[in-house]
Structures are given as C-alpha cells and as structure tokens.
Amino acid sequence: MSAIESVKLTSEDTLVILDQTLLPGEIVYRTLTTQEDVWQAIVALQVRGAPAIGIAAAYGAYVELVRHPYVTVAELRQTFADVKAYLLSSRPTAVNLAWALERLEKIVQQPRANVEDVLQAVRTEAEAIRTEDAQVCEVIGRHALTLLKKEDGILTHCNAGGMATAKYGTALAPLFLGNEQGYSFRVYADETRPLLQGARLTAWELQQASIDVTLICDNMASIVMQQGKIDAVLVGCDRVAANGDTANKIGTSGLAILANHYGIPFYVCAPTSTIDWSCHTGADIEIEERSGKEITDSWYEQPMAPPAVKTYNPAFDVTDNALITAIITEHGIVRPAYKENLAEHLQVT
C-alpha cells in the first residue's frame, strides 16, 4: 500500500504537510504554525483531497488554539469559534472540512475543569480523526477489491491516493491492496485538467508503488473505453448528497456518462464522513470556482491563451446518482436506490 503521509502533527504542536503543488519535481514538507498558514495551504492546494483537508483543518485549529493564552475555558471556546469560521472559508465543496471542525467543536463545548484539559482533548480528537481516516480508507480498499478482477483495466481521475487522505487513499486503496496480492491491474490515469492532479500526483504515486500506470489526457477517456481497455472506473468523492449524487473533481461527471454509454461499472469510493445529509440532492452542493489563471497560466512556461480572455473554472462537478454503479464506504458496498439504501446502510433515519 501507499505509505505516503501528507499531513502530520509534530510533538512541538506544529503542522507539517507535503506540498503537493511541487510534485513530482520536488518533495518538500512545509511547517505550518498559524491558522493563516493552514488557510493558505488549503486554498493553494498545498494540501488537498477531502479527507486530508479535514485532517489539516483539525490539526490547524489545534495549532492555532495552543498559540494563545487563556484565563478561562470560555475564552478558549470563543477563540475556537473564530478559528472554525476562518478555516471554513478556505474551500466550500469538500464536506470533510466542516465535518472535522464540528467534531472538534463538540469536544471544546464539553464541560472540563481547565484550559489544559480542553487543549489536550482537542489534540486527542484531531489525532483520532487522522487515525480513523487511515483505517477507513484501508477498509474501503478491501471492499472495492471484491468488485475487481485480476488484470482489470482501471480508469481513475484526479488523485484519491495516500496524499489525499491520512495514508492509503480511497479510490487508489484497492489498487495498492491488489498490487500486494498480485492482481496486476492496468491503470489509466486521467491527467485531470487544469491542475493535473492525475498527471502530477496519481501517476507519480502509482509509479512509486510499482503499479502499471498509463497517463492519458482527459479527452482520451472515451477512446480507451471504446477500445476495451477499461473494465471499471474508480473515483473518490468530496461530498455525497442524501440521494447519492456525488461531487468530485471537475471531469468526473463526464467519465460517468461515458462509462454508462460503454456499459462500464462506475464506482465512487467515499468515506461516510463525506456524506452530507443536509444536501438532499447534488443541486444543493456549492461548487467552488477558482481563478482562471489555473487554465491560462498554470504549469506553462508562458501563458497559453489570449490576454484577458474570459474563463470559467469550476473545481468540481456533480455526478447524477443514476450513473453510479455503487458507492463504496467503510461499511460496505451500497447500490441504488441510494436515498433509501444509504440511510439503511448507515442506519440513519
């Protein structure tokens, strides 16, 4: 399996992240000591992937809390409320950001005798979020592997590996597990325009694990499906609506449409922390729009579009639940009808 760790908390109460914007050319770890550092790292995609963002936010909140002196627990609670609001403003689409901070908020609000006890409880909860994510991703990988066969051709999009989570990844976890068990998968990685997470991160990560990976442009997905090279599509997820619609990196919806046309199973690997019961359908999911410079300038030595051209750069799209063969969580495999089966799967009423 992938042993890459992209986010960790040090014994000195600082946050260390793997700067994903520099890969694959450089492997650089950055130390973050303030909430501003963490906010900027999330916005700039130095740390990315829904679970990793949640972990970074939890650690980041703790790192900021320990910087301040408090006379009373009430003062600490007010500081946490400010930190939570600030970090929530970094990125809107991935639900894990809010989910992790809400977990910490419950800890902060519990009755405790003194400030030191609250801070220790916050650190313990942040560490628990990270540990649980690593365990969850491994189990998702084991469930997903039951849907695949040896020597299958797998298409994946963006990066849903160890760098996007605590350790193992979501959509890439079954690939790492299968590699250990001699499955000999043939993986096709979409480059994932405009930020090239598939080219820069997934291709690199799979190569590091000695997994057979072929990089393709996003607009080549149809032909590799048509040529019979793809047996299954595996993608991660940033938010799941209650009806099973899913938000993931821009371009995911198009892959689902293509897979449906060619009769290829389309699997979404999603920890239950990404399920947002307050979103009834995908229409309720806020889609982040990012700078047009990511289309015109990023990754080029010189601009590759006319000056001042208008741009539209949504970071995510929503895949209709009707196009999803199964949603794979740490609790097992969920199939349509998702509104009923997700709730039953998690015993949610």
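**Cavities, helices and backbone**

Reply: A search of the whole structure finds two cavities of 30 Å³ or more. A cavity here is a set of points on a 1 Å grid over the protein atoms alone where a 1.4 Å probe fits but cannot get out, and lining residues have an atom within 4 Å of a point. A volume is the space filled by probe spheres set on the points, which are joined across faces, edges and corners. Please keep in mind that this is a predicted model, in which local features need pLDDT of at least 70 and side-chain atom pairs count only at pLDDT 80 or more, while totals for chains, interfaces and linings use all residues. Residues are numbered from 1 along each chain as its sequence is written, and side-chain values use heavy atoms, with hydrogens and water left out.

Me: What volume does the largest cavity have, and which residues are closest to its centre?
Reply: The largest cavity has a volume of about 210 Å³, and of the 23 residues that line it, Arg48, Gly49, Ala50, Asn159 and Asp238 are the closest to its centre.

Me: Which elements give two or more residues to that lining?
Reply: Those are H2 and strand E9 (246–249), with H2 giving the most, three residues; helices (H or I, at least four residues) and strands (E, at least two) are DSSP runs, numbered from the N terminus. By class, the lining of the largest cavity has eleven nonpolar, eight polar and four charged residues, where Ala, Val, Leu, Ile, Met, Phe, Trp, Tyr, Cys and Pro count as nonpolar, Asp, Glu, Lys and Arg as charged, and the others, Gly among them, as polar.

Me: OK, and the largest pocket, what is its volume?
Reply: Its volume is about 180 Å³, a pocket being an open set with protein on both sides within 12 Å along at least five of seven lines. Of the 15 residues lining the largest pocket, Trp99, Arg103, Glu132, Val136 and Ser273 are the closest to its centre. H5 gives the most to this lining, with five residues, and the lining divides into six nonpolar, five polar and four charged residues.

Me: Switching to packing, at what angle do H2 and H5 pack?
Reply: Helix H2 (residues 50–65) and helix H5 (residues 115–145) pack at about 165°, with their axes 10 Å apart; axes are lines fitted to C-alpha atoms, for helices over the stretch in contact, and angles run from 0 to 180 degrees between N-to-C directions. H2 and H5 are therefore roughly antiparallel to each other, a label for angles over 145 degrees. Residues making the contact (heavy atoms within 4.5 Å) include Pro51, Ile55 and Tyr59 of H2 and Leu119, Arg123 and Asp133 of H5, and the contact residues divide into ten nonpolar, no polar and four charged.

Me: And how far apart are the axes of H1 and H2?
Reply: The axes of H1 and H2 are 9 Å apart, at an angle of about 165°, and that makes H1 roughly antiparallel to H2.

Me: Last topic, where are the cis peptide bonds?
Reply: One runs from arginine 193 to proline 194, with omega near 0°, and proline 194 is found in the loop between strand E5 (186–190) and helix H7 (197–208). Another joins proline 336 and alanine 337, with omega about 5°.

Me: What is the phi of leucine 45?
Reply: Leucine 45 has a positive phi of about 65° although it is not a glycine, and leucine 45 lies in the loop between helix H1 (35–43) and H2.

Methods. Angles under 35 degrees count as roughly parallel, over 145 as roughly antiparallel, 65 to 115 as roughly perpendicular and the rest as oblique.
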